[in-house]
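Hi,

Here is the structure I promised to pass on. Have a look at it first, and then read my notes below.

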Amino acid sequence: MKNNNKKIEIKNNSTIKSSKSIEKNPICESLTLKPVGYPFNFNLMEMDLEITNEELFEEYSREQWLGLLVKKNSFLFDQKIVPDYGFKIMNAKPNNSIINENTKIKFIENKDINNSDLSQIKTNLTFSDVIGQQNAKNKMKILIKFIENPEKFGIWAPKNILFYGLPGTGKTMLVKALANELNIPLYLIKSTSLIGDHVGDGASKIHDLFEKASKNNLAIIFIDEIDAIALHRSFQSLRGDVSEIVNSLITEMDGISDNNNLIIIGATNNPTFLDSAIRSRFEEEIEFTLPNDKERTDIIIKNINTFPYKTDFNINQLVNLTKNMSGRDIKEKILKTSLHHAISKDKDIVDMDDIHYALKVSKLNKNEVKGMFE
Ligand SMILES: Nc1ncnc2c1ncn2[C@@H]1O[C@H](COP(=O)(O)OP(=O)(O)OP(=O)(O)O)[C@@H](O)[C@H]1O
Ligand SMILES: [Mg+2]
């Protein structure tokens, strides 16, 4: 197979012989490639390619592709060691430029998506551990019905769901519980891990994630803290490769619309931070609210049942004192701090003094960060 990229003759001193098209195209400064394997599949060889010496690989590639015109999303084919092995051009800087002997060529390995970026969640959490958040739980029940009986839904399968709400209200917790209730894979992607050292890395990781997940009959992709990668356009200029990632996510989300086997759940603190094209692709936005009096009572009781110490305080009083606090704040800032305070004072019971201490400390912490997001 021939490279479709136009070959343009260049001299050793890197000056290009003049021709109309040559004058139009600048020299490529850097190129990011991804191995995509043969244009056809056969079982004799592994499709994965491993570069053992990056410097040598760069020299080897430059030499064989010298003078070729490179364009984002087109392909280059090896002509020497593994003839016709394809590499997708993930990025060319500038686009539509020509490879010369100074072009930097970087190679993204498929194994770049590793376990820390993408993991299948398994925990012991169940829906009953998540207090309140009835709207979200109802939607999860619909998801479970779909997973148990997809035919029932025809082309109307649930697809893209967005959880939003204040920090510590149970968004991640509910998805973990869902994973436990299901026997289909649920992939978690940490959005911050998609922002790589090189432009194009994140976009390619997203593609690989969707490809991997779609190999299952049915799977859920959970993109936690999605605002980190799907920033609203007005913020994208601040973060070099974010717009690439946004576009890649849009492409993949559109790609699954004809395909009933993937469900995406995104979570964010504030959906208005999201790129509007991405936001509009979520069929439903479900708000996670702060716990009401009854829910705070349940959260407090559930947590103090696991205390290694007995308690001696009025739960209703604590419920009133924790108004406007999230489940996480109640657990981490109030209950944990009061238990630790009792332990540090060598007491054998957690009482109202410890609670007041924790409330005082948590107020101080709150004041320190006040203004950060205002
Ligand atoms: N609704 C809830 N019911 C019971 N516990 C809760 C609830 N919400 C929060 N918690 C407690 O707070 C912890 C943190 O919650 P979680 O990580 O799910 O919050 P989140 O909404 O994902 O927050 P963030 O937006 O910061 O990611 C949970 O592990 C749990 O202990
Ligand atoms: Mg979370």
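Start with helix α3, residues 134–148: its 15 residues reach 21 Å from the first C-alpha to the last, close to the 21 Å expected at 1.5 Å a residue. (The expected span is 1.5 Å times one less than the number of residues; helices, H or I of at least four residues, and strands, E of at least two, are DSSP runs numbered from the N terminus.) The buried residues of α3 are A136, K139, M140 and I147. They sit on the same side of α3 because they cover an arc of only 105° around the axis, the arc being that of the directions from the helix axis to the C-beta atoms. "Buried" here requires 20 or more other C-beta atoms within 10 Å of a residue's own, "exposed" 12 or fewer, and "partly exposed" is in between, with C-beta atoms placed from the backbone. The face turned away from the buried side carries the exposed residues Q134, N138, K141 and E148. On the buried side, α3 packs against β8 (160–165), α4 (171–181) and β12 (284–288).

Before going on, a word on the source: this is a predicted model, in which local features need pLDDT of at least 70 and side-chain atom pairs count only at pLDDT 80 or more, while totals for chains, interfaces and linings use all residues. Residues are numbered from 1 along each chain as its sequence is written, and chains are lettered from A and ligands numbered from 1 in the order in which they are written.

As for the whole chain, there are 12 helices and 14 strands, and buried residues make up 32% of its 374 residues.

Now the cores. A nonpolar core is a set of buried Ala, Val, Leu, Ile, Met, Phe, Trp, Tyr and Cys residues joined through C-beta atoms within 7 Å. The largest one has 57 residues, and F163, I221 and I265 have the most contacts inside it. Helix α4 gives the largest share of this core, 6 residues. Domain 1 (20–107) and domain 2 (118–288) both contribute residues, so the core lies between them; those bounds come from an automatic or database domain assignment. Leaving aside neighbours within four places in sequence, I265 is in contact (C-beta atoms, placed from the backbone, within 7 Å) with I161, F163, V175, I220 and F222. A second, separate core of 10 residues includes I299, I300, M325 and I330.

A few backbone details are worth a look. The peptide bond from K93 to P94 is cis, with omega near -10°, and P94 lies in the loop between β4 (86–93) and β5 (97–98). Q133 is not a glycine, yet has a positive phi of about 55°; this residue counts as buried, with 25 C-beta neighbours inside 10 Å. N324, also not a glycine, has a positive phi of about 65°, but N324 is exposed, with 9 other C-beta atoms within 10 Å.

Lastly, confidence. The chain averages a pLDDT (the predictor's confidence in each residue, from 0 to 100) of 79, and 76% of the residues score at least 70. Where pLDDT is low, the predicted coordinates should not be read in detail.

Cheers

Terms used:
Contact = placed C-beta atoms within 7 Å.
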